[in-house]
Amino acid sequence: MESMKSFFASQKAALLDEAQAIVDRYEATGQRLTAADKAKVEGLVAQASGYRDRIKKIEDGETLRASMEVGHAHQEEAKKMTTTETKTSFSDAVIGAGFHYKHMPSVSLSAVAALGGKANVFPAVTDWNRTEPVTVSLGQDTRFLYPNLQIQDAGDAGSIQDFKQSARTLVGTVKRALDATSDKAHVDSTLAIVNEALSQFAITVDDVPNQLFESVGNLRGFLDQEARFQIQVALDSHVVSQIAAAGPAFGNTGADMITKIRNAIGEMRTLGANPDIVAINATDAAALDLLTDAGGYIFSTRRAGDASPLFDLKLVEMPGSTPPYVIDSRMLGVLYLGRMDFAVDPFTGFRKNLSTLRAETKALLHVRNIQGARRIASA
């Protein structure tokens, strides 16, 4: 250390002498310093100051150079060790990895070198050329109605505002004589502004081991899908409940499902609707596929749902026991959807190496005209 101090001190003195010589030449000649001379003087003074600071750090024992030299020396010693025989202490291994409490407070080192261990053994046959691990999710019932409706981006909106017509009354006669002088027919319409708030749909997946994020490349996509699936289930339930809450007309005329659907189409067309969907539960969908006449099954049995389309209606099978609905998706309303936010919280379970996943969105099925839906039921 004393030799390094002497070196830096001599360099500092030489630089200061050179700077002083330039200043002396300027004073002797009485000429203005050139820009190059000024820059050189400033650089020399700064370099000399740097040597002064480095001398102080050497004296305090805090230079990165000194710590890295110590670490490098230990690393060279660590390289000489073999995995079959450990000749160092734990502290030597830590310091040998370059540890310094200020400049390198976190290091990674071989556990065998630090703690000791047996020699590596040849892997078992079952460990040779193993494939990349994958994650297989549980089954998901994805028979949803909502993707078949009109969908609009909600953006940052928290509510939907719309005008809604609830009554229409014709007063008078539209047809009249060309020379008639009486009042012409007119329509009384009841319009009201409607404001509906969107709802939040959110789910968390708790206690996910952090190691899975590192060992399975497609895990994030899997968990995103898992969280999204739960939101999809809740969203589809919301859609069905919004339709039911709006009080659609109902009827159950017919001996079989085909007849009931066709009669519902006729009733809706009298109100100006042009249905394009029949949403039907699994039990009724199976009964529809398995309808028979004198010649056997009415529909082909090559695949399930071969009855779709039926009377130009797309058959959408739903889980549960919800009564069938015949729907005009254009008349019924709009499903407003916000963006899907997905996040990982690695801090809540920090002590246990666990993370929590969160997925959420906001949505609202705004029913504009309930005449765009009819329930096939007796009540």
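This briefing describes the salt bridges of the structure and where their partners lie. The model is a predicted one, and seven salt bridges are counted in it. Side chains of opposite charge can pair when their charged atoms come close.

**A pair between two loops**
- Arginine 339 and aspartate 156 are joined by a salt bridge through their side chains, with an N to O distance of 3.6 Å.
- Because arginine 339 sits in the loop between strand 11 (333-337) and strand 12 (341-349), while aspartate 156 sits in the loop between strand 1 (151-153) and strand 2 (159-171), this pair ties together parts that are 183 residues apart in sequence.
- Arginine 339 is exposed, at a relative accessible area of 55%, and aspartate 156 is exposed as well, at 70%.

**A pair between a strand and a loop**
- In the salt bridge of aspartate 162 with arginine 368, the closest N and O atoms are 3.0 Å apart.
- Distant parts of the chain are linked here, since aspartate 162 belongs to strand 2 and arginine 368 to the loop between strand 13 (354-367) and strand 14 (373-376), 206 residues apart.
- Aspartate 162 is buried, with a relative accessible area of 17%, whereas arginine 368 is partly exposed, with 39%.

**A pair between a helix and a loop**
- Arginine 330 and aspartate 276 meet through their side chains in a salt bridge of 3.3 Å, N to O.
- Arginine 330 lies in helix 10 (residues 329-332) and aspartate 276 in the loop between helix 8 (257-269) and strand 6 (277-281), so parts 54 residues apart in sequence are tied together.
- Aspartate 276 counts as buried, at 18% relative accessibility.

**A network**
- Salt bridges also link Asp141, Arg143 and Glu317 in a network.

Methods
Residues are numbered from 1 along each chain as its sequence is written. This is a predicted model: local features need pLDDT of at least 70, side-chain atom pairs count only at pLDDT 80 or more; totals for chains, interfaces and linings use all residues. Side-chain values use heavy atoms; hydrogens and water are left out. A salt bridge is a side-chain nitrogen of Lys or Arg within 4 Å of a carboxyl oxygen of Asp or Glu. Helices (H or I, at least four residues) and strands (E, at least two) are DSSP runs, numbered from the N terminus. Buried means under 20% relative accessible area, exposed over 50%, partly exposed in between (1.4 Å probe, protein chains only).
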